[in-house]
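Q: I'm new to this one, could you walk me through it a bit at a time?

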Protein chains: 4
Amino acid sequence: MAEIQTIRAGLVGITGYAGMELARLLAGHPNMRLVMACSRAEAGRRLGEYYPFLEKLPGADVVISVFDAEAAVKQCDVVFLAVPAGTAMKMTPALVEGGVRVVDFSADFRLHDVHVYEEWYRLPHEAPALLPEAVYGLPELNANSVRRARLVANPGCYPTSIILGLYAPLMGGLIEPDGIIADSKSGATGAGRKPGTATLFSEVADTFRAYGLPRHRHTPEIEQEVSAIAGQEVRLSFTPHLVPMNRGILSTIYTRLKKPGTTVEEVYEVCRETWKDSPWVRVLAPGRLPETRFVRGSMFCDIGLVADPRTGRLIILSVIDNLCRGAAGQALANANLMCGMPVDAGLSDSAPLV
Amino acid sequence: MAEIQTIRAGLVGITGYAGMELARLLAGHPNMRLVMACSRAEAGRRLGEYYPFLEKLPGADVVISVFDAEAAVKQCDVVFLAVPAGTAMKMTPALVEGGVRVVDFSADFRLHDVHVYEEWYRLPHEAPALLPEAVYGLPELNANSVRRARLVANPGCYPTSIILGLYAPLMGGLIEPDGIIADSKSGATGAGRKPGTATLFSEVADTFRAYGLPRHRHTPEIEQEVSAIAGQEVRLSFTPHLVPMNRGILSTIYTRLKKPGTTVEEVYEVCRETWKDSPWVRVLAPGRLPETRFVRGSMFCDIGLVADPRTGRLIILSVIDNLCRGAAGQALANANLMCGMPVDAGLSDSAPLV
Amino acid sequence: MAEIQTIRAGLVGITGYAGMELARLLAGHPNMRLVMACSRAEAGRRLGEYYPFLEKLPGADVVISVFDAEAAVKQCDVVFLAVPAGTAMKMTPALVEGGVRVVDFSADFRLHDVHVYEEWYRLPHEAPALLPEAVYGLPELNANSVRRARLVANPGCYPTSIILGLYAPLMGGLIEPDGIIADSKSGATGAGRKPGTATLFSEVADTFRAYGLPRHRHTPEIEQEVSAIAGQEVRLSFTPHLVPMNRGILSTIYTRLKKPGTTVEEVYEVCRETWKDSPWVRVLAPGRLPETRFVRGSMFCDIGLVADPRTGRLIILSVIDNLCRGAAGQALANANLMCGMPVDAGLSDSAPLV
Amino acid sequence: MAEIQTIRAGLVGITGYAGMELARLLAGHPNMRLVMACSRAEAGRRLGEYYPFLEKLPGADVVISVFDAEAAVKQCDVVFLAVPAGTAMKMTPALVEGGVRVVDFSADFRLHDVHVYEEWYRLPHEAPALLPEAVYGLPELNANSVRRARLVANPGCYPTSIILGLYAPLMGGLIEPDGIIADSKSGATGAGRKPGTATLFSEVADTFRAYGLPRHRHTPEIEQEVSAIAGQEVRLSFTPHLVPMNRGILSTIYTRLKKPGTTVEEVYEVCRETWKDSPWVRVLAPGRLPETRFVRGSMFCDIGLVADPRTGRLIILSVIDNLCRGAAGQALANANLMCGMPVDAGLSDSAPLV
């Protein structure tokens with residue numbers, strides 16, 4: 001049997017929560033090793049000094065460096081870009097051309113239509129030539145394309161929860177594709193790690209609010225992917241809220257049943273059948289509702305189903321961990337595929353931390 | 001000028017959060033005094049011993065007693081029933097007949113139709129004769145009826161937020177009354193103070209979940225009141241969620257604009273005009289969104305408005321404190337009216353505790 | 001009877017939690033009105049726009065201005081300085097000379113010895129001439145001096161909890177004044193409202209840590225006041241910790257009993273006698289322990305007592321709200337005294353918000 | 001190379017947090033498999049139904065059964081007793097005699113002196129004959145004894161943090177063994193999962209309190225082990241507090257330096273040397289302080305050191321995850337040793353979940 005080679009991974013952007021989560025996951029990966037960690041602000045320090053949780057674990061001794069594409073090409077087989085939209089598109093071309101596989105956490109390569117990108121992100125796109133080959137990295141839907149990709153656009157956290165939640169009922173023709181409302185709630189890590197008054201502990205704890213209405217940037221991404229599934233253009237309402245918790249997203253998705261009398265059991269059968277071979281999607285039995293804690297730190301997407309004969313609606317509750325499934329874990333799954341490894345390498349061993 | 005008499009108040013049910021909140025409010029009321037506090041389990045103790053926050057304040061020296069209707073009639077001008085549905089209806093008739101004004105925190109007298117009550121609460125109603133005279137105690141809408149009432153059904157917490165949020169746009173004819181979705185989020189005091197695994201700290205903190213779908217008991221109450229405002233029968237979707245915070249409700253209400261091109265500024269003008277003389281309803285300027293912390297411990301209902309021309313929707317965000325506005329504070333406002341006092345006696349002095 | 005004049009109050013520094021708390025309290029004060037609110041960053045906005053909780057309440061319409069000593073002298077009877085150490089000492093002299101009473105929230109005038117100030121705060125003192133007349137504003141201990149003061153140094157939050165906790169047992173000669181350890185725990189508002197990674201929600205929630213060891217700046221303030229009570233120089237250990245909650249301080253104070261056999265009942269009698277006429281200090285009966293929630297938003301200091309015959313120790317647990325009693329509420333009490341009003345004007349009406 | 005056999009594990013007591021944590025860990029263990037899960041209340045259900053986080057993972061399909069010693073002996077190589085003190089001692093003898101290795105989470109076999117047990121736990125001991133052979137399972141200190149043991153008394157969570165914190169300075173002769181104070185703070189999972197008003201979300205969130213003073217049951221356990229390390233009888237003060245967070249313990253341990261001039265660097269060298277081969281004990285460099293989040297879900301004990309020349313004290317801050325290192329993880333490490341596996345099997349792979 002051929003020996004499995006250790007994949008050398010680079011992480012650009014260590015100061016955010018997604019980068020931190022990736023470092024956590026890589027520390028336990030059997031065949032991938034963090035060899036490069038970049039941050040302008042923290043360059044020169046040991047990674048373990050910056051990440052106290054990583055001390056005495058693999059990766060702790062990497063010295064943080066300033067990103068340099070040439071060095072990255074030499075040192076890495078795969079590079080994870082955990083940097084803001086607008087920055088990733090500047091870094092990507094040189095990496096891809098240098099033969100490094102790239103998983104981009106930002107939105108820079110998620111939207112097929114450059115005009116939609118520029119309208120919602122209010123940035124000129126600097127690498128539009130790469131858009132056609134970038135693969136939207138939802139492993140359950142696009143594993144084959146991801147395997148062959150040089151560049152994967154890692155999905156947004158909210159879109160991941162909503163797309164996975166809608167997939168089976170839409171594919172099964174159970175619900176109308178129009179008039180959908182996704183009322184989503186996210187933990188505070190989703191708001192990023194940049195200092196700001198609005199995300200201080202005492203501005204988030206013991207309070208609740210919506211934000212970003214009605215034009216949150218994840219909207220076109222959700223619409224693009226849901227349209228592809230539905231086979232028609234879909235326009236929907238997406239409302240994010242901030243929950244006083246660290247991790248987790250719950251999306252409450254309101255849809256209309258094509259046949260108002262469809263029972264929850266019928267929907268459940270379709271969903272269960274759709275996902276029966278997917279280790280990470282768990283469809284809950286009728287009467288059970290998902291909770292974010294039961295997926296904490298994992299790749300699971302837990303889906304609850306409620307049919308309401310009074311209103312003819314199917315309500316789908318979809319839950320993920322925003323940092324693992326919604327960012328770093330999904331990125332790692334994509335990297336696994338791109339590097340010829342099992343999709344769940346380094347991701348399968350442990351149960352959620354309840 | 002005639003001297004203002006001190007109103008003698010009784011509280012039945014001290015072990016829950018709503019009763020606790022009422023004791024807090026009464027301690028600062030200029031003309032109402034707690035003279036009776038009832039609880040079978042805690043009878044014989046000083047109230048200040050059971051409520052450590054109340055020590056050295058008015059009410060602390062009341063000795064907890066077992067409820068006795070005759071004694072209540074002798075000692076009290078007004079009695080607050082902070083007991084579960086099913087219990088209140090047993091206590092109410094003797095009090096009302098004895099000439100005591102009653103404010104009932106439970107749902108026992110909220111629904112006009114006894115059949116609807118029995119269907120949703122799965123209890124036979126034991127005092128249906130009182131239903132016709134019971135007044136639904138939303139002070140902004142029903143102050144005149146409350147003033148003359150012997151029995152006030154204090155509104156539920158979720159219904160309060162949703163009814164106040166929908167009132168102006170519905171009355172102004174701006175939105176369709178059908179197809180409404182109320183996605184509500186509540187702090188954990190809303191789940192009550194009864195011991196149970198599901199509401200332990202570690203089952204609620206750092207997690208998020210929906211519950212009670214699709215038949216939460218507040219649904220018919222919301223539909224009854226919204227139907228009355230809309231002038232037609234309304235059926236809507238109501239989904240409650242549990243937020244890891246103590247107090248507060250935020251309802252995200254999805255409606256369809258009658259004219260999809262209506263701007264948020266137009267809606268704002270209608271809402272502001274509607275509520276301009278109401279000290280407790282604050283309509284936020286377009287672009288601003290409400291947060292539960294800004295109403296903490298108060299009677300305020302803060303309303304945010306979002307018009308989405310992409311989907312033709314008006315999204316209304318309505319925020320209250322579930323214990324004060326959603327229970328004890330509103331009950332006190334009703335009692336004030338019933339006793340001939342200004343509606344805001346004991347409620348007007350202080351700003352929210354941010 | 002002479003009419004009570006309305007006192008005109010100015011607040012310098014609105015962007016922090018202490019300033020916010022003062023605005024909350026002033027909105028409910030019967031005889032004091034906020035007439036000036038200063039902030040360089042927010043100048044020109046209505047205060048109610050910056051403080052959404054204040055809308056429709058007294059103070060909301062004050063227009064935020066840049067601090068100007070001359071204007072302050074004209075407009076205000078009393079000025080509250082909710083600005084950082086180092087800034088307050090620059091503002092104070094002109095105000096005091098202009099005849100305005102000043103309550104300073106910072107540490108600039110708390111330490112009698114200018115050298116100690118300069119050693120611990122690492123700032124040259126710019127107004128040492130005012131130090132001799134500044135009164136340390138703990139109303140229970142220094143009310144008479146406060147009444148005559150032009151300048152009150154409002155105590156720090158940690159010192160307030162520790163000094164009140166130690167006062168009675170030290171005065172009663174029950175404990176040794178040396179070897180004391182104060183292990184204090186504070187909610188996150190105590191860390192201020194300045195943006196920073198360390199106080200983001202996800203860096204504070206679901207975690208616990210100590211900070212500032214072993215030289216937190218409140219140490220010399222505590223030692224100065226405890227020395228004065230003990231009648232001898234006291235050196236103690238003070239360790240602050242950050243609790244994932246918004247408000248509240250609990251100090252666990254370890255002392256040695258002079259007579260190891262002293263019972264908790266004996267200590268309790270001394271403490272209760274000491275504080276029996278103080279409306280805001282509540283000594284808990286033996287066997288009961290204080291909790292921060294029972295003092296939330298109030299002036300109460302709740303004190304629990306534990307005698308441990310195994311170790312000869314008296315453990316004192318002292319609890320306050322860090323923003324009300326530990327900052328703005330205490331400042332308001334001091335201002336009340338300075339302006340000839342009852343100490344509890346605007347502070348006495350309401351029970352803690354549990 | 002001989003094949004590694006899969007160890008069959010039984011878990012008695014699934015309804016508490018420690019049992020839940022063990023199920024999580026076993027799901028990722030390479031050589032140990034959960035084959036039996038016992039609970040009287042939940043017997044007959046699939047474990048995955050009771051633990052939603054476990055679905056689609058190893059262990060989910062185990063059917064919960066009522067504990068039966070004979071069955072356990074047949075099915076299991078090792079049994080974990082996650083049951084209350086008093087219950088474990090009834091179950092243990094039959095298991096041990098049947099040849100099953102037992103790891104007891106309770107205190108039943110921790111105290112060598114049966115009289116001390118009976119005094120502090122107020123229960124007659126029913127299996128005193130097993131006390132002499134029970135090994136106190138702190139792997140860093142007692143690995144060799146654990147390897148040979150039939151019965152391991154798994155240490156308490158508070159004792160683990162305090163003993164590991166004190167070990168190196170005591171062994172190194174740097175501190176006085178008397179007069180020690182351990183001021184500990186624990187997350188709410190430490191209070192157990194039994195329904196009760198005191199541990200409801202709204203009684204723990206946004207508040208802080210001490211409990212169990214001055215006779216918490218972990219006191220004699222701490223004293224027994226610290227005495228053994230110090231080589232003399234030690235009596236200390238131990239004060240636990242409840243932090244509004246799920247997991248984690250931080251103990252702030254106050255000691256007196258034998259030589260008051262000892263620097264923190266000197267202490268650091270001794271501690272680092274002591275723990276340099278221990279993968280799970282991380283001594284932080286001088287100036288750094290530990291946080292509970294950096295050990296979440298892991299076996300790490302992070303230790304911070306503060307020397308205070310003003311008071312001659314060494315303050316030790318010791319941090320663990322109360323459920324993993326303080327209960328289930330440590331139990332698993334002990335079981336690994338008892339079964340001839342590496343101590344970190346199933347525990348080494350993953351970094352803390354920050």
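The chat below goes from a single chain to the way the chains meet.

Q: Before we start, what kind of model is this?
A: This is a predicted model, and the values quoted here are computed from it.

Q: OK, what is the secondary structure of chain A?
A: Chain A comes to eleven helices and 13 strands.

Q: And how does the radius of gyration of chain A sit with the globule rule?
A: The radius of gyration is 20 Å, close to the 20 Å that the rule gives for 354 residues, so chain A is as compact as a globular protein of that length. Taken along the principal axes, the box filled by its C-alpha atoms is roughly 60 × 50 × 45 Å.

Q: How many of the residues in chain A are buried?
A: Buried residues make up 61% of the 354 residues in chain A.

Q: Which domains is chain A divided into?
A: Domain 1 of chain A covers 7-154 + 325-338, and domain 2 covers 158-322. The centres of these two domains, taken over C-alpha atoms, are separated by 25 Å.

Q: How many residues does each domain bring to the contact?
A: The contact takes 19 residues from domain 1 of chain A and 20 residues from domain 2 of chain A. On the side of domain 1 that touches domain 2, helix 5 and helix 11 (324-338) of chain A each supply at least two residues, and helix 11 gives the most, with six residues. That side of domain 1 divides into ten nonpolar, six polar and three charged residues.

Q: Switching to one residue: where is A:Asp113, and is it buried or exposed?
A: A:Asp113 is found in the loop between strand 4 (101-104) and helix 5 (114-121) of chain A. A:Asp113 counts as exposed because it has 11 C-beta neighbours inside 10 Å, and the cut-off for exposed is 12 or fewer.

Q: How far apart are A:Asp113 and A:Thr189?
A: In sequence A:Asp113 and A:Thr189 are 76 residues apart, and in space they are 29 Å apart, C-alpha to C-alpha.

Q: Now chain B, what is the order of the strands in its open sheet?
A: In chain B, seven strands form an open sheet in the order 8-9-7-10-13-12-11, with mixed pairing. Strand 8 (209-210) and strand 11 (281-283) of chain B are the edge strands, each pairing on one side only.

Q: In which sense do strand 7 and strand 10 of chain B pair?
A: Strand 7 (residues 181-186) and strand 10 (residues 249-256) of chain B pair in the antiparallel sense over six bridges. Within that pairing, B:Asp183 has B:Thr252 in strand 10 of chain B as its bridge partner.

Q: How many residues are in contact between chains A and B?
A: 33 residues of chain A are in contact with 33 residues of chain B. Several strands of chain A each supply at least two residues of the side that touches chain B, among them strand 9 (237-242), strand 10 (249-256) and strand 12 (301-308). That side of chain A divides into 15 nonpolar, eight polar and ten charged residues.

Conventions. Residues numbered from 1 in each chain as written. Chains lettered and ligands numbered in written order. Predicted model: local features only at pLDDT ≥ 70, side-chain atom pairs only at ≥ 80, totals over all residues. Contact = placed C-beta atoms within 7 Å. Helix = DSSP H or I, 4+ residues; strand = E, 2+ residues; numbered from the N terminus. Nonpolar A, V, L, I, M, F, W, Y, C, P; charged D, E, K, R; others polar. Buried ≥ 20, exposed ≤ 12 C-beta atoms within 10 Å, placed from the backbone. Pairing = 2+ DSSP bridges. Domains from an automatic or database assignment. Rg over C-alpha atoms; globule rule 2.2 N^0.38 Å.
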